[in-house]
Amino acid sequence: MKLRSERDTLVEALTTAGRAVTSRGGAMPVLSGVRLEVRGDRLLVAGSDLDLTIQVDVGVGGAEDGVCVIPARLAADIVRSLEPGAVTFEAGDDEVRITSGRSQFAVRMLSAGDFPRLPFAGRDGTPGEAVTLAGGEFADALRQVVRAASADDARPILTGVLMAAEATGLRLVATDSYRLAVRDLPGTTVLGEGQHVLVPSKALSELQRLLTGDSEVVLRLGEHDATFDVGPVRLTTRLIEGEFPNYRQLIPSSYPNRLVVARDALVDAVRRVKLLVRDATTPVRMALRSDVIVLTVVSSEVGQASEEVDAKYEGTEMTVAFNPAYLIEGVEAVGGDEVTLETLDALRPAVIRAVEGEEYLYLLMPVRVS
């Protein structure tokens, strides 16, 4: 295998594919590498941790077809460190020689035969039905929802994002049991009636990196995996098997208490009082009054902070407490200048939405305080 390409092209391809490379390649050392395949003037760079595979197809000056696998991080670091200009990769029996200008590296290869078979999209290894989505809108939906997914692998169901067909379009849902994010994409048809799939949030986070405002993403769903094509990049992820929690029962149909507040003012104030938080259990208390809310953080180790924020509140005066980090993330995810916070009482979930628009909902469990 031999190829010649510009440094920046290789850096981007190696970095993108390398994001799927596992950091726990002990049992299968080859998973710490990226697979390079040259066919004519095309280079396919692939990284995989068995659950997530990212492939990047770029044009190069291919002098000799072939396949090799080299350590992902080392290869990216070497190429990134080179002077701008052309870089040559040439595979020998045991090593790949990387040269550019007066720089030369010889890197031991990993066994290409041990690298996982690259996945195809669709059932039975054939391409599935392709659905094209607007990249900007889908990226915005992922930004709002993925943050609510759990990072705890002990509860794999909660590490996924539910994609479900609704009467009006596609719905994305994620929860870590402390909060819940729901985003509707009206008019978007990806799944059959009543169908739903559970996509790992890690894969969707990587997909979000690839999407830009004017890009398109082509989605193909297989029986056990989902494939997203964004330009020259193909991202394939295994679907999570299992039953997603019945989130609908958590969302009341109406709320007697409703707060309307400027989004940026609320986020900024919570950030300021949060400076006194020293652990994950200290909440921010929110005293709800008719024309103002009072945010308070009390830390037994440091002291206390409070700040008033102008707001409009209709309902029973009360004090409700939240995890400040979760509160900030929920308010930030909502679009518009103002947000609403609706609640039944201080112990049951509150819902944060935009003042205008029903497409996004962020439900947040309160913290019980004395």
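**Close-up views of a predicted model**

**View 1. G160 and its bridge partner in β14.** In β14, G160 finds its bridge partner in P200. This is a predicted model, where local features need pLDDT of at least 70, side-chain atom pairs count only at pLDDT 80 or more, and totals for chains, interfaces and linings use all residues. Residues are numbered from 1 along each chain as its sequence is written, and side-chain values use heavy atoms, with hydrogens and water left out. Strand β11 (residues 160–166) and β14 run antiparallel and are joined by five bridges. Strands here are DSSP E runs of at least two residues, helices are H or I runs of at least four, and both are numbered from the N terminus; two strands pair if DSSP finds at least two bridges between them.

**View 2. The open sheet of 12 strands.** Pairing is antiparallel, and the order reads β14-β11-β12-β13-β25-β24-β23-β18-β21-β20-β19-β22. The edges belong to β14 (196–200) and β22 (318–322), and each has a single partner strand, so one side of each has no neighbour in the sheet. From one strand to the next, the twist averages 25 degrees.

**View 3. Two helices on the strands.** Helix α3 (residues 135–145) packs on the sheet and touches β11, β12 (169–175), β13 (179–186) and β25 (360–364). The direction of α3 makes about 165 degrees with that of β13. Helix α4 (residues 201–210) lies across β11 and β14, at about 75 degrees to β14. Axes are lines fitted to C-alpha atoms, for helices over the stretch in contact, with angles from 0 to 180 degrees between N-to-C directions; contact means heavy atoms within 4.5 Å.

**View 4. T237, tucked into strand β17.** T237 sits in β17 (residues 233–238). With 2% relative accessibility, T237 counts as buried (under 20% relative accessible area; exposed is over 50%, partly exposed in between; 1.4 Å probe, protein chains only). Not counting residues up to four places away in sequence, T237 touches D51, L52, V199, P200, A203, H224, D225, A226 and F228.

**View 5. L36 in the largest nonpolar core.** This core has 103 residues, and L36 is one of those touching the most other members, along with F89, F138, L207, M286, I293 and L295. A nonpolar core is a set of buried Ala, Val, Leu, Ile, Met, Phe, Trp, Tyr and Cys residues joined through side-chain atoms within 4.5 Å. A second, separate core of 14 residues includes V173, V182, L198 and Y247.
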